[in-house]
Amino acid sequence: VPHRLCLWQILQNASKNLRKLSKWKEIEDALCNVVHDTLDEDKFDEAWGLMVEKFGIHGNTWLKEAYEIRERSDGINRFFKGFVSIETGILQFIGQYEATLKG
């Protein structure tokens, strides 16, 4: 699942950027639940939206940027998923990547 790739970093940045909010501990728990418990992309999007609405943090710049980065990451993952799998070795990956760049 793409949003699990840098989970530690996301949670560290959340702490740095959101801990001044009055309900930080509740937000932290909700954020952990969203990123840990939602494996399906649609369910993740729904859970994220519910969390943002519940705590009234839809205007938070860091949260918006974190979500946008995740969306770009998902697009890149979808691109690579077409010709790379978990079994693909590094040499095969590099060959396929270079072939894709050449067009």
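Predicted model: local features only at pLDDT ≥ 70, side-chain atom pairs only at ≥ 80, totals over all residues.
User: How do you know that the length of helix H3 agrees with its 15 residues?

Analyst: Helix H3 covers residues 41-55. At 1.5 Å a residue it should span 21 Å. Its end C-alpha atoms are 21 Å apart, so the two values agree.

User: Which residues of H3 are called buried, and why?

Analyst: Phe44, Trp48, Met51, Val52 and Phe55 are buried. The word applies because buried means under 20% relative accessible area.

User: How do you know on which side of H3 they lie?

Analyst: They cover an arc of only 95° around the axis, so they sit on the same side of H3. The other side carries exposed residues: Asp42, Lys43, Glu46, Leu50, Glu53 and Lys54.

User: What makes Asp40 a cap of H3?

Analyst: A side-chain oxygen of Asp40 lies 3.0 Å from the backbone nitrogen of Asp42. The cut-off for a polar contact is 3.5 Å, so this pair counts. Asp40 caps the N-terminal end. After H3 comes Gly56, with a positive phi near 60°.

User: What makes Leu18, Trp48 and Met51 stand out in the largest nonpolar core?

Analyst: They touch the most other members of this core, which has 19 residues. Helices H1 (7-18), H2 (24-37), H3 and H4 (61-81) each supply at least two of its residues. H2 gives the largest share, 6 residues.

User: Which residues is Trp48 in contact with, leaving aside neighbours within four places in sequence?

Analyst: Trp48 is in contact with Leu31, Val34, Leu63 and Tyr67.

Key
Residues numbered from 1 in each chain as written. Heavy atoms only, no water. Helix = DSSP H or I, 4+ residues; strand = E, 2+ residues; numbered from the N terminus. Expected span 1.5 Å × (residues − 1). Buried < 20%, exposed > 50% of the residue type's maximum accessible area, 1.4 Å probe, protein only. Arc of directions from axis to C-beta. Polar contact = N/O pair within 3.5 Å; in protein donor to acceptor, adjacent residues only side chain to side chain. Core = buried A, V, L, I, M, F, W, Y, C linked by side-chain atoms within 4.5 Å. Contact = heavy atoms within 4.5 Å.
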